[in-house]
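Me: Got a model here that I'd like to go through. Can you take me through the packing and the sheet?
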Amino acid sequence: MVGPSSSHTAGACRIGLFSRALLGGQPSRALIELHGSFARTGQGHGTDRAIAGGLLGFRPDDERLRDSLELAAEAGLEITFQNAKLRGDHHPNTARLTLWHGERQVTVVGSSIGAGRIVITAIDDFPVDITGTLPALVVVAGDQPGAVAAITTTLAGQGGNIATIKVSRRQKGGNAIHIYELDEPVGAEALAALLALPRVQSVRAIGRVDG
Amino acid sequence: MMESLNDAVTMAVEAGCSLGELALRQEVAQGLRTREELESGLRRALHVMRGAVARGLPGDLRSVSGLVGGDAAKLNRLTGPLSGTLFTDVLANALAVQEVNAAMGVIVAAPTAGGAGVLPGVLLGLAGRADISDDQLVRGLATAGLVGAVVAVRASLSGAEGGCQAETGAAAAMAAGAGVEVLGGSPAMAAHAVSLAMQGTLGLVCDPLGGLVEIPCVFRNATGAAIALAAIEMALAGIEFPIPADEVIDTMGEIGRSMDVRYRETAGGGLAATPTGRRLAKERLVQIKRSGKAT
């Protein structure tokens with residue numbers, strides 16, 4: 001990895017990488033809110049550059065991280081940094097990223113928990129718990145009986161083995177977010193099959209970010 | 001995932017192999033990566049470690065703030081009582097890697113970036129003075145990985161959670177186990193080396209000036225490497241630490257959990273809160289803003 005801090009630099013980069021993958025590509029605009037120690041000491045650790053580098057698709061060992069703010073500007077990615085006190089209980093090294101690209105917008109809350117490991121704790125206000133150490137599918141589907149069964153059956157038909165499942169919702173009968181962590185990434189065909197299911201509204205495949 | 005170093009020693013003795021070899025077999029048994037993938041990953045880490053030492057030793061780098069850099073090279077002046085020995089090699093290597101880290105260069109987080117100088121400092125120092133093959137060094141890194149994984153599960157590897165004992169302390173414990181491995185000590189000796197190193201860093205606070213991984217982090221990697229070297233020497237001599245490694249690691253976790261937030265990477269206490277610490281941090285943070293390297 002590129003120094004100087006595994007939690008403030010490598011972990012921060014991984015939060016950026018995860019968020020970029022969730023958006024499905026490079027954002028045109030990003031609001032990065034830094035919480036706790038990220039806000040207090042992030043600047044000297046290059047946290048801002050690390051998150052920006054992750055948004056550009058750089059991995060933690062990419063030497064371009066040092067110059068990522070300039071590279072982001074050149075690539076037409078407009079980034080605003082803000083210090084924030086996020087509500088609720090958060091790890092000291094936490095950031096909330098809001099990314100825009102065209103019609104798409106995602107909001108991700110991620111914490112860097114030490115030694116470069118991360119936990120994504122919220123996606124678009126849904127509570128989640130994703131470490132990025134396995135390929136993941138993020139599915140938004142109507143909160144109705146049979147949604148998990150339909151998705152897991154489809155995945156099984158495509159040869160995907162599920163390592164973990166987490167489903168959460170903000171309110172009964174609304175939308176639910178499903179996180180499926182898989183042993184191996186699934187192909188475009190599987191994603192299309194999932195998207196064709198009646199209750200499924202969106203599917204996003206996210207590769208591992210721990211490498 | 002191994003959760004006990006004591007269990008790992010027992011398993012290694014039963015299997016008649018070293019701790020590093022056991023770590024590799026256990027990781028393969030998890031089914032996520034093949035033996036070849038693991039070894040090539042560790043070889044790549046070794047390569048990056050060698051590159052970081054080589055990059056830092058000439059002493060031409062300065063950190064992002066300008067506060068640190070050039071100290072590894074001073075150890076080549078041969079002015080001290082231990083000059084030209086393994087001991088100063090290890091100190092210089094550890095400083096070199098940490099100076100590269102502070103300059104946003106490429107290093108191997110081992111276990112973290114803040115503690116990244118200790119393991120290459122010790123292992124490459126040993127390899128420079130003794131006939132140690134890359135295969136042995138790979139098993140040394142596997143041993144270090146096993147120790148780090150156990151510390152991560154039982155305690156913490158984050159200065160923000162457990163203070164510097166969780167970073168350079170964990171790194172010293174990893175390097176001590178790895179050093180015993182590459183020098184051919186037994187699994188039990190490796191575990192004693194882990195205990196001996198970690199007991200010497202218990203309670204160590206994380207108090208970086210301005211929150212930057214510079215002062216005292218760079219120097220603490222050198223002293224952490226010295227502690228690891230002392231632990232290796234004692235363990236290979238047959239000295240046994242009476243508290244088992246798992247319990248020493250648990251102790252580190254317990255101390256970390258009760259450590260005041262001022263001493264957990266917030267720059268609110270310790271050296272960061274001294275008059276000079278505050279003044280340097282203030283001056284240098286202003287300078288970073290002016291230089292336009294960060295927004």
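Me: At what angle do α3 and α5 of chain B pack?
Reply: Helix α3 (residues 35-56) and helix α5 (residues 86-102) of chain B pack at about 90°, and their axes are 7 Å apart. Axes are lines fitted to C-alpha atoms, for helices over the stretch in contact, with angles from 0 to 180 degrees between N-to-C directions. Helices (H or I, at least four residues) and strands (E, at least two) are DSSP runs, numbered from the N terminus.

Me: Which residues make the contact?
Reply: From α3(B), B:Ala52, B:Val53, B:Arg55 and B:Gly56; from α5(B), B:Asn93, B:Ala96, B:Val97, B:Glu99 and B:Val100. Contact means C-beta atoms, placed from the backbone, within 7 Å.

Me: Before I go on, what about numbering and confidence?
Reply: Residues are numbered from 1 along each chain as its sequence is written, and chains are lettered from A and ligands numbered from 1 in the order in which they are written. This is a predicted model: local features need pLDDT of at least 70, side-chain atom pairs count only at pLDDT 80 or more, and totals for chains, interfaces and linings use all residues.

Me: Now the sheet. What is the strand order in chain A?
Reply: β8-β9-β7-β10, an open sheet of four strands with antiparallel pairing. Strands pair if DSSP finds at least two bridges between them.

Me: Which strands stand at the edges?
Reply: β8 (162-169) and β10 (200-206) of chain A; each has a single partner strand, so one side of each lacks a neighbour in the sheet.

Me: How many bridges join β7 and β9 of chain A?
Reply: Seven, between residues 136-142 and 175-182. A:Leu137 is opposite A:Tyr180 of β9(A).

Me: Which helix packs on the sheet?
Reply: Helix α6 (residues 188-195) of chain A, touching β7 and β10, with its direction at about 160° to that of β10(A).

Notes. Contact = placed C-beta atoms within 7 Å.
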